[in-house]
Amino acid sequence: MSRMKFLCDIERCIDCGGCVIACKEGNHIPVGVNRRQVLTINQGKPGEKSFSTACMHCSDAPCIAVCPVDALYQREDGIVLVSKKTCIGCGYCFMACPFGAPQFPTGEVFGARGAMDKCTFCAGGPEENHSAEEQKLYGQNRIAEGKVPLCAAMCATKALLAGDGNTVASIYRDRQFKRGSGVNAWGQDKAYQG
Amino acid sequence: MTNSLNDIRHAKSMIFIGSNATEAHPVSLQHILHAKEVNNAPIIVVDPRFTKLAAKSDEFVRIRPGSDCAFIMGLINEVIINGWEDKQFIKTRVSGYPEMKEVAAHYTPEVVEDITGIPAAQTRKVAKMLAMNRPTSLTWCMGGTQHHIGSSITRAFCILQLVLGNMGKSGGGTNIFRGHDNVQGATDMCVLSHSLPAYYGLSDGAWQHWCRVWDVDYDYIVSRFKDKEWMNANGFTLARWYEGVLQNDEITQYTPIKALFQWGIGLNSNSQFAKVKEAMDKLDLLVVVDPFPTATAAACESDNIYLLPSASQYETSGSVTSTSRQIQWRYKIVDPIGGCKDDYTIMQELVNRLGFADEFYKNIKEVPEDITREINKGALTIGYNGQSPERIKKHMENWHTFDIETLQAVGGPCDGEYYGMPWPCWTDEHPGTPILYDISKSVAEGGLPFRNRFGDVATYVMSGREEIQLAEKGVCNPGSEVEGGYPEFKDVVPGTNWKTDLSQETIKEAIGRGMAPFGNARARCVVWSFPDQIPIHREPLHSPRPDLIEKYPTYEDKPNHYRVFTKYKSEQNPELVKSFPYVLTTGRMVEHMGGGAETRSNKYLSELQPEMYAEINPRLGNNLGIRDGEMVWIESPEGGKIKVKAFFTERVDDKTIFMPFHFGGMLAGKSLAGNYPEGHAPYVVGESANVCTNYGYDIITQIQATKDGLCNVSRA
């Protein structure tokens with residue numbers, strides 16, 4: 001069985017936000033909830049890098065380990081999902097997650113803890129596939145249609161890869177191999193100054 | 001673009017100057033990064049800002065706004081001094097080279113450093129990178145054009161590519177990225193005041209040609225004008241129309257402008273926006289046709305305004321032209337919603353009421369197919385004749401049969417054709433021209449020489465030298481009957497030429513003989529009709545360098561420049577920098593588009609970029625006693641004043657302020673959100689950067705100089 005993975009190729013990410021907008025538009029996410037975001041380091045300086053991040057669908061997911069009501073679960077293909085009907089909105093998963101993936105509805109000064117929302121890998125939720133209930137609670141279920149998540153499908157430079165981990169790794173390995181010489185090679189700027 | 005977005009995949013190096021493609025054309029990066037990864041092609045970015053594109057570059061060159069011409073002439077000089085010029089290409093396909101070389105010799109790396117701020121060593125390094133990594137794809141956008149010497153700057157870019165021999169080659173070319181899907185198409189249809197569609201100009205011959213195409217009596221068209229002389233006179237431009245209302249600068253027209261139709265444009269992308277607003281308030285009639293009420297609609301405060309809600313691109317269909325000169329068919333997804341009408345319907349209802357529907361729709365029965373067919377019939381100058389609606393649709397349906405590298409169909413119903421039949425597509429059988437001026441292929445297979453447009457012989461005033469303008473013997477496309485240069489085709493059908501022969505026999509005859517209808521000539525380094533026949537640097541009208549104004553002054557004032565007196569010399573004041581010490585430049589952000597009416601009405605895009613700001617270098621901010629995130633006033637020499645948030649970033653240097661121009665709906669610190677029709681205010685309003693962009697217009701095109709003005713900054 002293949003395992004689903006995201007990989008953001010940092011050399012390709014241009015901080016356009018297309019993935020974020022695709023996710024929000026396609027899944028009707030409320031403003032303020034970010035299933036996916038693009039982060040930038042060294043903004044405006046040499047060495048500026050951007051990358052798109054969301055739930056990493058960890059193999060040994062800390063959110064599942066800490067959830068007191070077992071609202072979180074992992075599918076056979078590795079996608080980590082939440083049952084919003086079971087979730088009590090305690091926020092333990094938010095504290096456990098190394099990536100800040102769990103999101104909660106925004107509200108007044110202290111926020112309004114409702115059921116947790118996060119990236120579903122566009123695989124919906126525990127409700128019946130393509131049911132109105134699934135659509136309402138979780139958004140699209142593209143995996144059931146044999147499609148990659150919206151964010152990766154939208155990515156203009158194909159920086160954001162999603163799908164079977166082996167395929168993703170193979171695409172990335174191929175790219176890295178081609179980059180391994182000339183101006184793209186590590187240390188090129190030091191070896192051949194000017 | 002002489003080449004295509006896809007063809008950039010074949011570049012061995014890329015130089016971007018005045019282009020922030022990552023934000024303005026993000027999808028193009030797919031091909032740019034491919035060239036970088038697969039060909040090891042270095043990316044050189046020349047810009048006043050360390051842009052998101054610079055973040056992907058191998059060499060970032062920080063340039064002082066408005067000094068592009070000096071830098072490029074410096075590169076040309078450095079290439080020539082080192083013997084890196086393409087001697088064969090220059091000898092056979094370029095004219096005016098020795099004259100140009102003499103002008104370029106002034107721009108040594110040290111002189112370039114003084115003008116541009118680019119270290120001499122870096123100019124030398126970039127010249128070497130270009131020479132050692134050919135072909136180079138050169139891209140510029142509005143950072144290259146929006147200057148009072150924009151026409152010289154863009155010519156310098158072209159000359160650099162000629163000197164390096166990068167024209168007419170896969171992976172090379174001058175690749176000016178155009179905007180969203182029909183900006184190139186709108187340009188080709190000449191939605192401009194100085195030309196009829198397809199660059200025919202405004203001469204009697206041009207009018208007569210189009211009258212034949214429209215099947216309308218020429219005298220009838222003459223009768224629509226007050227006097228015949230106005231048919232041949234350039235009109236007002238988008239940049240300066242407001243003077244036609246306000247007349248602060250003298251106008252050359254029998255009447256002020258009384259009405260304005262604003263169809264699919266946010267005028268907050270117009271410089272001098274405070275004056276634009278004043279003009280809008282003074283008009284008898286202002287009509288805004290747009291899917292959203294624009295910022296201009298909100299800024300206009302008199303009761304002269306009508307909003308006509310138009311359909312979006314998903315609610316209508318028709319042919320559109322991409323930046324790569326490809327023509328595609330846009331299919332309708334849904335019928336217009338929310339009481340709006342598509343553009344064709346709005347146009348038709350206007351035409352009906354104005355009473356010339358018979359003439360207007362003579363050839364147009366089936367909309368929009370017949371509109372494309374009329375373009376096919378008349379737009380011969382740029383070869384829009386082979387892209388019939390049927391062929392365009394066939395390409396769309398067989399999209400998957402085209403190769404991503406070459407854009408050529410491999411087998412299938414479009415076998416051998418190039419996707420979208422990039423113009424010129426000379427006949428119904430022609431495959432389209434994927435790369436302009438490429439003499440490696442026959443004309444029938446999509447090759448082309450340089451066009452013979454400016455006579456067969458020229459004598460240069462600066463040298464007295466006479467030169468034949470046709471290409472050298474032996475230089476032609478394979479299969480050409482004439483082995484070498486030849487003039488344009490005419491009198492195949494007596495009294496017509498290849499541009500005016502509606503039977504298209506002339507074009508077919510040329511192709512049949514293996515030749516280009518427009519001749520085979522040399523590309524010019526000298527343009528004898530321009531004030532600067534060879535590009536030279538001239539200081540921006542509002543320059544931060546009084547010492548350079550003396551050395552590189554602007555032009556004399558120009559009366560009747562598109563019907564309005566336009567100041568140059570009288571506007572260039574060396575003292576101005578004392579009161580307005582910082583350079584002001586503007587640009588785009590990826591989340592918003594143009595005037596922002598559409599994108600600021602999208603809640604998610606507004607969430608990502610919710611606020612107008614000014615980029616200020618932390619060093620400058622701290623010196624001025626401003627804190628990051630505080631409100632500041634930005635003031636222009638013309639009295640424009642806006643209140644925006646300070647955003648500290650090293651993207652800009654400590655002499656330059658950058659602002660995005662997509663915001664609107666606020667004026668001088670006051671929100672105009674209440675002026676929108678109820679329920680139609682965008683999610684985000686903000687001050688318009690163009691309230692502060694300075695006076696200044698290109699000497700040829702009159703494009704606004706928004707990239708190199710001056711401003712002052714103070715705590716709000």
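I began with strand 2 of chain B. Ile43(B), Val45(B) and Asp47(B) point one way from this strand, while Ile44(B) and Val46(B) point the other way, and all are buried. In general, side chains in a regular strand alternate between the two faces of the sheet. I note here that the model is predicted.

Next I checked how covered the strand is. Strand 2 of chain B spans residues 43-47, and five of its five residues are buried. I wrote it down as mostly covered.

Then I looked up its neighbours. Which strands pair with strand 2 of chain B? Strand 1 of chain B, residues 13-17, pairs with strand 2 of chain B in the parallel sense over four bridges. Strand 3 of chain B, residues 59-62, also pairs with strand 2 of chain B in the parallel sense, over four bridges.

I followed Ile44(B) to both sides. Its bridge partner Ile15(B) pairs with it in strand 2 of chain B. Ile44(B) also stands opposite Glu59(B), which lies in strand 3 of chain B.

I turned to the surface of chain A. Val66(A), Tyr92(A), Phe94(A) and Met95(A) form a nonpolar patch there, with about 410 Å² of accessible area together. Which element gives the most to the nonpolar patch? I found helix 3 of chain A, residues 92-96, which gives three residues.

Last, I picked out Tyr92(A). I placed this residue in helix 3 of chain A.

Technical notes: Residues numbered from 1 in each chain as written. Chains lettered and ligands numbered in written order. Predicted model: local features only at pLDDT ≥ 70, side-chain atom pairs only at ≥ 80, totals over all residues. Heavy atoms only, no water. Patch = residues over 30% accessible without salt bridge, like charges linked within 9 Å, V, L, I, M, F, W, Y side chains within 5 Å. Areas by Shrake-Rupley, 256 points an atom, 1.4 Å probe, with all protein chains shown as cover. Salt bridge = Lys/Arg side-chain N within 4 Å of Asp/Glu carboxyl O. Helix = DSSP H or I, 4+ residues; strand = E, 2+ residues; numbered from the N terminus. Buried < 20%, exposed > 50% of the residue type's maximum accessible area, 1.4 Å probe, protein only. Pairing = 2+ DSSP bridges.
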